[in-house]
Amino acid sequence: MRILTKIAAVSALAVPTLLAIPGTAQASTPSGCSSVTQIGSTAYLNVGGETMASVKQYKGCGKNYSYLYVWQGYRSSHSSWDVCAAIVTGGGHVQDPQCGHNDVEMWSSGADTLSECTQALGWNGTGPIPYPGEVAVKTDVRC
């Protein structure tokens with residue numbers, strides 16, 4: 001009976017761990033900055049009825065960063081994609097856009113905008129700004 005109790009206890013502990021793994025993106029850090037903190041909510045880039053990517057805003061090393069992560073489900077069903085990440089200031093100015101082809105993660109290069117209200121911007125395009133026909137999403141405003 002003690003063996004069954006131990007097996008049940010171990011199984012109960014393992015289930016939450018297994019359930020937490022799918023869909024969680026583990027963000028790296030931007031080039032030149034070893035420590036960042038997410039600010040604000042996560043936005044989701046939906047393209048053609050499918051979630052393509054998560055977009056988040058981070059602060060660290062005296063700058064704001066936009067981070068975009070292309071979901072595994074999207075990567076599995078598409079052979080090619082283009083993404084961009086940037087910071088948008090309260091005045092609507094796009095700062096430090098970074099774009100890539102078939103990139104899984106995209107960090108903006110870091111905007112010197114900590115004293116301004118900002119949002120992270122992510123889109124499916126080639127940049128340097130979202131063009132008509134491209135799908136874009138912003139996080140909430142952080143001041």
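The link of Cys84 and Cys99 is right-handed, with 115 degrees about the S-S bond. It is a disulfide (a pair of cysteine sulfur atoms within 2.5 Å), and its sulfur atoms sit 2.0 Å apart. By that rule the count comes to 3 disulfides. Keep in mind that this is a predicted model, where local features need pLDDT of at least 70, side-chain atom pairs count only at pLDDT 80 or more, and totals for chains, interfaces and linings use all residues. Residues are numbered from 1 along each chain as its sequence is written, and side-chain values use heavy atoms, with hydrogens and water left out.

**Disulfides**

- Cys84 lies in strand E4 and Cys99 in strand E5, so to speak distant parts of the chain, 15 residues apart.
- Cys84 is buried, at a relative accessible area of 0%, while Cys99 is partly exposed at 32%; buried means under 20% relative accessible area, exposed over 50%, and partly exposed in between (1.4 Å probe, protein chains only).
- Cys33 and Cys61 form another disulfide, with 2.1 Å between their sulfur atoms.
- The torsion about the S-S bond of Cys33 and Cys61 is about 90 degrees, so this disulfide is right-handed.
- Cys33 comes from the loop between helix H1 (2–20) and E1, and Cys61 from the loop between strand E2 (50–60) and E3, 28 residues apart.
- Cys33 counts as buried at 3% relative accessibility, whereas Cys61 is partly exposed at 49%.
- Cys117 and Cys143 form a disulfide too, their sulfur atoms 2.0 Å apart, and with 110 degrees about the S-S bond the link is right-handed.
- Cys117 belongs to the loop between E6 and E7, and Cys143 to the segment after E8, 26 residues apart.
- Cys117 is partly exposed, with a relative accessible area of 30%, but Cys143 is exposed at 74%.
- Number the bonded cysteines in sequence order and the pairing reads 1-2, 3-4, 5-6.

**Chain layout**

- Along the sequence, the pattern goes α-β-β-β-α-β-β-β-β-β.

**Sheet E5-E4-E7-E8**

- This open sheet has 4 strands in the order E5-E4-E7-E8, with antiparallel pairing; two strands pair if DSSP finds at least two bridges between them.
- Strands E5 (94–101) and E8 (136–138) stand at the edges, each with a single partner strand, so one side of each lacks a neighbour in the sheet.
- Neighbouring strands here are turned by 15 degrees against each other on average, direction ignored (axes are lines fitted to C-alpha atoms, for helices over the stretch in contact, and angles run from 0 to 180 degrees between N-to-C directions).
- Strand E4 (residues 82–89) is joined to strand E7 (residues 118–123) by 6 bridges, and Ala86 stands opposite Leu121 in E7.

- Strand E3 (residues 63–70) pairs with E6 over 3 bridges, and Tyr67 stands opposite Trp107 in E6.

**Whole-chain numbers**

- Of the 143 residues, 36% count as buried.
- Among contacts (heavy atoms within 4.5 Å) between residues at least 6 apart in sequence, 52% join residues at least 24 apart.

Methods. Helices (H or I, at least four residues) and strands (E, at least two) are DSSP runs, numbered from the N terminus.
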